[in-house]
Amino acid sequence: MATKEPINDPMLDPITGELRVIAPGHTFKSVTEKLSGIVLTSHTPLGWWGGFLLAGGGVTLLTVAVTWLFLRGTGIWAITQPVAWGFAIINFVWWIGIGHAGTLISAILLLFKQSWRNSINRFAEAMTIFAVVCAGMFPLIHTGRPWLGYWLFPLPFTMDVWPQFRSPLLWDVFAVSTYATISVVFWYIGMVPDLATLRDNAKSKFGQFFYGVIALGWRGSVRHWVRYETASLLLSGLSTPLVLSVHTVISFDFAVALLPGWHTTIFPPYFVAGAVYSGFAMVLTLAIPIRKFYHLEDIVTIRHIDNMGKVMLVTGGIVAYGYGMEVFMAWYSASHWEYFMMWNRMFGPMGWSYWVLITCNIALPQLMWLRKFRTNVALMFIMSFIVNTGMWFERFVIIVTSLTRDYLPSSWGTYNATRWDYATFIGTLGLFTFLFFLFIRFLPMIPMSELRILLPQAKIHPKDEPLPEAGD
Amino acid sequence: MAQIFDRSSNALARMSLVLTGLIVIALGVTLDQLQRSPWVTRQGQRADQPVPFSHKHHVQGLGIQCQYCHTSVEKSSYAGIPPTRTCMNCHAQIWTNAELLEPVRNSWATGQSIVWTKVHDLPDFVYFSHEIHVNKGMGCSTCHGRVDEMPIMYQQNTLQMEWCLNCHRHPAANIRPTSEIYNMAWTGPSELKPE
């Protein structure tokens, strides 16, 4: 709906009427000063300390929970027969899923030349890495004998025994470790020009030295930039299939099994879509308070929140299709077990979790069709929590309700999480936040070099044309 | 403004690459040593025994055959450590005053077993059987080394799984005629070890 009235909102482009990627009025210098100021200031905001200490409490809780786990064994969790996979695997899949949006933003959107990614890609990548750190813990600690975890690696041990390469749990090891490595490399390479900016703007000797070492002598020559761009593009090209395959491998943990509710061919794409869905929700959860706290509304704009809402709407739609297909197939398969599995999911003793999932993942997010809703920051913040809750319950429903009641009624059981299950989960939330707070304090959370490219000054114009005012 | 890093940093930066390579190598060597060095496998280590029993003296010196003491080696999974009674067969009358043999006489008098230290100590999840090996042509010296030349018993081989598997995958190299099982010096010909 195009209105003929002149547009007064500075966030709207007067020519196209679209939302701007970044607000007008920024120069190379203002961008640099604003963003490097967050890191280089000697005055750490009180709010940062508050959050950091709170997150530190979470890390302490995690340490206690894991120490107790190692001392007493996995029996302190609620897992038993028949539900031998509980919170640990739910949280693992949930955290890995959250990580995926970071790679989507930094890699896939780069391949599609989406310039709006530039404002958010750095902390989305950081989110990926910290989410993978939290996720990567679970496959190790959920084993009964975590000190033998190294047996999962194909190394020449004196036993002459090698891992079983047919198990998706082994593929997990390779998928997650490759994913973590590539994410860190991609994140770091992208950060090098910004680290050089910090080095050049640092006032303290230590700051100059610290950022100087990790900036690896970046001088920003044309050769540097050509290779940097090529490397970024190559890494994006590599990360894109990686991100799809990693969550596919994680979905294989279930899809390869014979359990009704798990043995489904739709899992790989539907898990990936769910991962991107929850990942974008987490980006919003992080971006909205950060832009408020650090006054970055002109850099992480309404346009970003609007676009992320659209991506969530699309991936949420794919996920909804996945749920629909599961229900349809349960009926269409004419399999008694599949039929019962679906009935049990909806109306069994844990049916409430299925309806929480449908409400949070399908029903409420339909509000995001409205542009008014997507451009309302507070509502989008709430929505991001709703979607993350829903996606947690998706894994809960898939894992727990399928396991509680399967083929043999004599092996039916239930699952009641213990305080240690909750402590571990809350602990990883703390660890994630802890690492994220360190990141926003010490590293450039928004790529200055990529923002400068978005400014109108960065574009080459014919001499007689006036400089466009807008930044997009 | 002065440069942050002076010229010597160039050398340090290059060195750091070399250092990374060296660290990786050192890590590899350490990990290998942590599972294969004799310090870990206990090869060649002479454990403290209550009586310094010498196989060299009893086998090489006196010509006693292995099964005289290790009686159950052909019939049982466990080769057996001789009871005090076996020692006293001779030592009731030989070296009756030797201080070295005091624990043996004491055990005989009190009925308390001598607490020998096990040198070849497999973990309990391994179910090894002596009987099948001895009856299928594995000689003592193949696994235990030249025990007749050991004044104090020690472990000759690693007893690690890769060592077991090496032989189970290629047994021919170590098989000998069953008449030669207890011949400690046997190095006979085989298909893989031609004369």
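Modeller: Let us begin with residue classes: Ala, Val, Leu, Ile, Met, Phe, Trp, Tyr, Cys and Pro count as nonpolar, Asp, Glu, Lys and Arg as charged, and the others, Gly among them, as polar. This is a predicted model, in which local features need pLDDT of at least 70 and side-chain atom pairs count only at pLDDT 80 or more, while totals for chains, interfaces and linings use all residues. Residues are numbered from 1 along each chain as its sequence is written, chains are lettered from A and ligands numbered from 1 in the order in which they are written, and side-chain values use heavy atoms, with hydrogens and water left out.

Colleague: What is the volume of the second largest pocket?

Modeller: On a 1 Å grid over the protein atoms alone, a pocket is an open set of points with protein on both sides within 12 Å along at least five of seven lines, whereas a cavity is a set where a 1.4 Å probe fits but cannot get out; lining residues have an atom within 4 Å of a point. Points are joined across faces, edges and corners, and a volume is the space filled by probe spheres set on them. For the second largest pocket this gives about 730 Å³.

Colleague: Which element gives the most residues to the lining of that pocket?

Modeller: The lining of the second largest pocket has ten nonpolar, five polar and five charged residues. Helices here are DSSP runs (H or I, at least four residues), numbered from the N terminus. With six residues, the element that gives the most to this lining is H1(B).

Colleague: Which side chains form the salt bridge between chain A and chain B?

Modeller: Side chains of opposite charge can pair when their charged atoms come close. A salt bridge is a side-chain nitrogen of Lys or Arg within 4 Å of a carboxyl oxygen of Asp or Glu, and the count between these two chains is one. At 3.2 Å, N to O, the side chains that meet are those of A:Asp160 and B:Arg169.

Colleague: How many residues apart are A:Arg122 and A:Asp194?

Modeller: The structure holds 14 salt bridges over all chains. In one of these, the side chains of A:Arg122 and A:Asp194 meet at 3.2 Å, N to O. This pair links distant parts of the chain, with A:Arg122 in helix H4 (residues 121-141) and A:Asp194 in helix H5 of chain A, and the two are 72 residues apart.

Colleague: Which element gives the most to the lining of the largest cavity?

Modeller: Three cavities of 30 Å³ or more are found in the whole structure, and the largest has a volume of about 50 Å³. Its lining includes A:Thr103, A:Glu125, A:Tyr179 and A:Leu242. With four residues, the element that gives the most to this lining is H5(A).

Colleague: Where is A:Pro82 placed?

Modeller: The peptide bond from A:Gln81 to A:Pro82 is cis, with omega near 0 degrees. In chain A, the place of A:Pro82 is in the loop between helix H2 (46-72) and H3.
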